Amino acid sequence: MIVLKTEVKIFRNISGFNFVDKIDIKSAEEIENKVTETLFPLGYELRKTKEMNSLDKLKLYESYNATGDIFKNELISGIYTSSQKPNVFLNDSDHIVIQSMSDGLELENIYDNADKLDDFVAEKIKFAYSEKFGFLTSNPNLCGNGMSASVLLHLPATSYFGNDSLISSLERLGYRVDRLNSERGSIDAILKLSPDRTIGITEKEYINKLNNITKEIVDMEEQNRKKLYLDHSIELEDIANRALGTLSCCRMISENEVIEKLSDLFMGIELSILKPKIDLNLSDTIAKFKNGRLQIQTGSLLDMKSRDVLRAKEVRKMMKEVF
């Protein structure tokens, strides 16, 4: 799988209130009451950030892709969740942030889910809107349609041949490209791609633009994988088997290294160099071994060495099951 995740966020502010970083507690409570009253009939429940312990906050960060704003505003922020519906962040970067996520390239579907909820809320709550600038958001780059969309791409073959020119070209075309971050660096083979600005284009145009460029990148990665398999087979086998050996035998392994080796391992699996006994999902597997998830699993905060030892133990266990 080349496209690991897709995400759409819709940012809205309520008319008559300052942006989140300027509101007082009383205004924040009014916003909370309005949003809760609107979402309650849909089965949404609110979890307030200020009532979460450290492990709850880790889960919010790891499982819901929460940003730093929700923690910075923890006295007034929270998250609304309801089964099979988009998540809604309260007083995050903006008063309301609707989030819809999916595995694979599902931009149209997750946008439709978020858009339907946005329309429902708009019938009950008046949003801050300008005829000149569109929806008003705390980040000027998001004014206009007030939306962001991103895809998370696994591009190991493109990274092998060098992806700097690809990143530079995408940035010139108006896209933001971020390497996946971990505690000790970034991962070159996993990139997050999103259009940089939203002013002047409709939501559908925005989604189509990202969809089309993503398909072109997927085609490029497929061609690079074919080239790697045909012209650099020994190097490919070496990369895949080194990853297999490291993950099967490690006694300590950092978050950064485990993601890098999992990337190499999955490239070997997808190009038929390695033959697993069961199917795996790269995105879910990476999430399983991240620092936050390990600490949630144990129910306690761990120092770096303890995390690396526990991670290695869990990775070895998985490798025995898979191979």
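Me: What does it mean to say that parts of a protein pack against one another or are in contact, and what counts as a helix here?

Reply: Contact means that heavy atoms lie within 4.5 Å, while helices (H or I, at least four residues) and strands (E, at least two) are DSSP runs, numbered from the N terminus. This is a predicted model, in which local features need pLDDT of at least 70 and side-chain atom pairs count only at pLDDT 80 or more, whereas totals for chains, interfaces and linings use all residues. Residues are numbered from 1 along each chain as its sequence is written, and side-chain values use heavy atoms, with hydrogens and water left out.

Me: Which residues of α11 are buried?

Reply: Buried means under 20% relative accessible area, exposed over 50%, and partly exposed in between (1.4 Å probe, protein chains only). In α11, which covers residues 291-298, the buried ones are N291, G292, L294 and Q295. They lie on the same side of α11 because they cover an arc of only 165° around the axis, the arc being that of the directions from the helix axis to the C-beta atoms. These buried residues of α11 pack against α2 (54-64), α9 (255-270), α10 (282-288) and α12 (304-322), and just after the helix G299 takes a positive phi of about 80°.

Me: How should I read the length of α4, and which of its residues are buried?

Reply: The expected span of a helix is 1.5 Å times one less than its number of residues. Helix α4 (residues 107-124) has 18 residues and reaches 26 Å from its first C-alpha to its last, close to the 26 Å expected. Its buried residues are L107, I110, Y111, A114, L117, D118 and V121, and these are on the same side of α4 because they cover an arc of only 135° around the axis. An α-helix has 3.6 residues a turn, so residues three or four places apart point the same way. The face of α4 turned away from its buried side carries the exposed residues K116 and E123, while the buried residues pack against β1, α1, β4 (87-90), β5, β8 and α7 (203-231).

Me: Is T214 buried or exposed, and what does T214 touch?

Reply: T214, which lies in helix α7, counts as buried because its relative accessible area is 0%. Leaving aside neighbours within four places in sequence, T214 is in contact with V3, L105, V151, L153 and L193.

Me: Where is L170, and which residues is L170 in contact with?

Reply: L170 is found in helix α6 (residues 164-172) and is buried, with a relative accessible area of 4%. Apart from neighbours within four places in sequence, L170 is in contact with Y175, V177, L193, I213 and I217. The C-alpha atoms of L170 and L193 are separated by 8.8 Å, although the two residues are 23 residues apart along the chain.

Me: How many residues line the largest pocket, and which lie nearest its centre?

Reply: On a 1 Å grid over the protein atoms alone, a pocket is an open set of points where a 1.4 Å probe fits, with protein on both sides within 12 Å along at least five of seven lines, and lining residues have an atom within 4 Å of a point. Here the largest pocket is lined by 49 residues, of which E7, K9, N65, S150 and K192 lie nearest its centre. Among the elements that each supply at least two residues of the lining are α2, α10 and α11, but β1 gives the most, with 7 residues.
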